[in-house]
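I opened my notebook and went through this model one look-up at a time. Here is what I wrote down.

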Amino acid sequence: MTTTAPATSTTFGAISLAAATITTGLLAGVFYAYACSVMLALHQLDDRTFVDVMNRINTVIVNPVFMLSFLGSVAFTALAALGHLRGDQRTVLWWILAAVVLNVLSFLITSGGNIPLNNRLADVHTGDFATLRAQFETSWVRLNILRALANTGALGALAWAAHLRRG
């Protein structure tokens with residue numbers, strides 16, 4: 001006698017895994033774009049322009065579309081894990097759990113590192129743009145690369161989970 005999971009459980013698992021993969025991929029792409037283009041271009045600017053442009057970017061990026069991928073990467077991946085708790089989905093679940101860990105790591109790097117640096121950069125009342133930049137740029141770029149790697153790893157784990165799920 002073979003038992004199958006209810007269709008709603010299977011559908012929930014598939015939809016949440018797809019949403020997790022898409023939002024994680026979008027976020028990895030944003031961080032990748034910063035690493036290989038945005039920060040390289042800003043590095044070529046004078047201190048005041050660097051600070052002004054980076055502050056403007058940090059303001060406009062907080063929007064519903066970005067927040068969907070930023071928060072959704074963690075939330076949808078956690079939901080995908082819940083959708084794969086059945087015994088016959090254990091191998092898929094382990095890959096999804098790896099993605100949860102990597103997505104949470106990226107979230108923590110951003111929340112505990114990049115955002116505080118962004119907030120310090122926004123304090124331009126001293127007018128000392130060279131110091132603001134010096135205290136920001138190198139650390140922010142390193143943290144961005146770390147979170148890009150974490151999200152890219154999460155994307156790979158989710159893609160593998162989706163592959164195993166189909167198999």
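For bends, I take the angle at a residue between axes fitted to the seven residues ending there and the seven starting there. By that rule, α3 bends by about 45 degrees at Gly72.

A note on sources: I am working from a predicted model, where local features need pLDDT of at least 70, side-chain atom pairs count only at pLDDT 80 or more, and totals for chains, interfaces and linings use all residues. I number residues from 1 along each chain as its sequence is written, and side-chain values use heavy atoms, with hydrogens and water left out.

Next, the overall layout. I found six helices and zero strands in the chain, with helices (H or I, at least four residues) and strands (E, at least two) read as DSSP runs numbered from the N terminus. The C-alpha atoms fill a box of roughly 75 × 25 × 20 Å along the principal axes.

Then burial, meaning under 20% relative accessible area with a 1.4 Å probe, protein chains only. Of the chain's 167 residues, 35% count as buried. In α3, I listed Phe66, Ser69, Phe70, Gly72, Ser73, Thr77, Ala80 and Ala81 as the buried residues; Gly72 is also where α3 bends.

I looked at the N-terminal end of α3 too: Asn63 caps it, with a side-chain oxygen 3.0 Å from the backbone nitrogen of Val65.

Last, the span of α3.

How values were computed:
Buried means under 20% relative accessible area, exposed over 50%, partly exposed in between (1.4 Å probe, protein chains only). A polar contact is a pair of N or O atoms within 3.5 Å; within protein, one must be able to donate a hydrogen and the other to accept it, and residues adjacent in sequence count only if both atoms are side-chain atoms.
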